[in-house]
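Hi,

Here is the structure I promised to pass on. Have a look first, and my notes follow below.

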Amino acid sequence: MKYNWLTKTVGELTSYMAKGIPPKYTEKASDTTIYVLNQKCNRDYRISYGPSRLHDTATKKVPDDKMLKSGDVLINSTGTGTAGRVAQMMDVPHPTTVDGHMIIMRSTDEIDSLYYGYALKSYQSEIELFAEGSTGQTEINKRRLLDEITILYPDNIHAQKYIASILRVLDDKILLNNKINNNLEQQISAIYKNKFAYVLQGNTSTIEQLIAFSNGKKRPSEDGNIPVYGGNGVLAYTNQSNSENSIIIGRVGAYCGNVFYTSSQCWISDNAIEAKSKVTDSQLFSYYLLRNAELPSRHIGTGQPLMTQGILNAIPCSLPDISEIMAFNSLCEPLQQQIDNNVIEIQQLSLLRDTLLPKLMSGEIDVSNINI
């Protein structure tokens, strides 16, 4: 497979670019409603429909060109800490558009749409720097995005597709592992609710009797393969750890009150709170207790939500019998072990993808000898 490398700006390789719609939201699905994606739907280069909402097209029609298509690239256009995030619609399972805080981008016929998407993902850190404006009002400068980012690509469309397919295989495996983990977590959650629904309905004690809380610390600057957790999950990797077998709670900002669990070594950053069970070998129980405590609704502050150790310590509850906790752990730990193994593989695949991405996009890894 012979090919040469070409370089063009994003603008030269983009056939369509537009911000989304100002939606007319509705809570009730009907034949005239479509999904609207927002900034929170864009994470880890992927789109999740979880935070999406419904728009009624009978109230306000959506232009055809703003209805998403497979291969569309979505970039968060506004928001401190979220502007510049890049994701691609590998498929569109429902009629969908985006709100005015996201940008839709489509490639020209000169470049494979999947390759185009991965090329933009490889520049996410640079695109994030195009956010301009005051705190809380930042917005991506679209002209700079089109003019200042250049894409290197093979002139052979089959080479483009092959390079993109290498990365797609990794992303598909990550997605499959996440789906398996979601199913396993639903099973554990159902068992927890069946056994412990009464715990958070009582007020004879407080969570402080079951769990100890402490704030995380500023992350080290050195790179490595140990995940750094913030309020939105894994935000980077470093070469040091400050915890293991930990529950992590978002402490500040939009993800205040989010709850994560990892059995592996990690670094818990200063925008998160660590939770450790005071009952021996009951970390898994504590995690599901906190997941069911509706923490995002308990924060203080409006412009900048904040979770504190005091708020967490004061949550009322009834204390379960230790034997009940041990029975829950015994039943659910094999399921959690499967989740843990998948999380480790997801982290390894993500690191491999993020390492290969710039190397494949720049031609540093040569695929010219591959026969397709």
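Both Tyr287 and Tyr288 are buried, where buried means under 20% relative accessible area, exposed over 50% and partly exposed in between (1.4 Å probe, protein chains only). Before going further, please note that this is a predicted model, in which local features need pLDDT of at least 70 and side-chain atom pairs count only at pLDDT 80 or more, while totals for chains, interfaces and linings use all residues. Residues are numbered from 1 along each chain as its sequence is written, and side-chain values use heavy atoms, with hydrogens and water left out.

Back to the aromatic rings. Rings of Phe, Tyr and Trp (its six-membered ring) pair if their centres lie within 6.5 Å; planes under 30 degrees apart count as stacked, over 60 as edge-to-face and the rest as tilted. By this rule there are 12 aromatic pairs. One of them joins Tyr192 and Phe196, tilted, with 5.4 Å centre to centre and 40 degrees between the planes. These two are 4 residues apart in helix H4 (residues 157-196), so about one helical turn separates Tyr192 and Phe196. (Helices, H or I with at least four residues, and strands, E with at least two, are DSSP runs numbered from the N terminus.) Tyr192 counts as buried because its relative accessibility is 2%, and Phe196 does too, at 1%. The pair of Tyr287 and Tyr288 is edge-to-face, because the ring centres are 4.9 Å apart and the planes stand at 75 degrees. Tyr192, Phe196, Tyr261, Phe285, Tyr287, Tyr288 and Phe328 form one aromatic cluster.

Now for a strand. How many of the residues of strand E11 (residues 102-107) are buried? The count is 6 of the 6, so E11 is largely enclosed by the rest of the structure. Both of its faces are covered: Met102, Ile104 and Arg106 lie on one side, with Ile103, Met105 and Ser107 on the other. Strands pair if DSSP finds at least two bridges between them. E11 pairs with strand E2 (residues 14-19) in the antiparallel sense over 5 bridges, and Ala18 has Ile104 as its bridge partner in E11. Strand E8 (residues 73-76) also runs antiparallel to E11, joined by 4 bridges, with Val73 opposite Met105.

Finally, two charges over rings, meaning that NZ of Lys or CZ of Arg is within 6 Å of the ring centre and within 35 degrees of the ring normal. The charged end of Arg53 sits 3.9 Å from the centre of the Tyr25 ring, and that of Lys121 is 4.3 Å from the centre of the Tyr118 ring.

Best wishes
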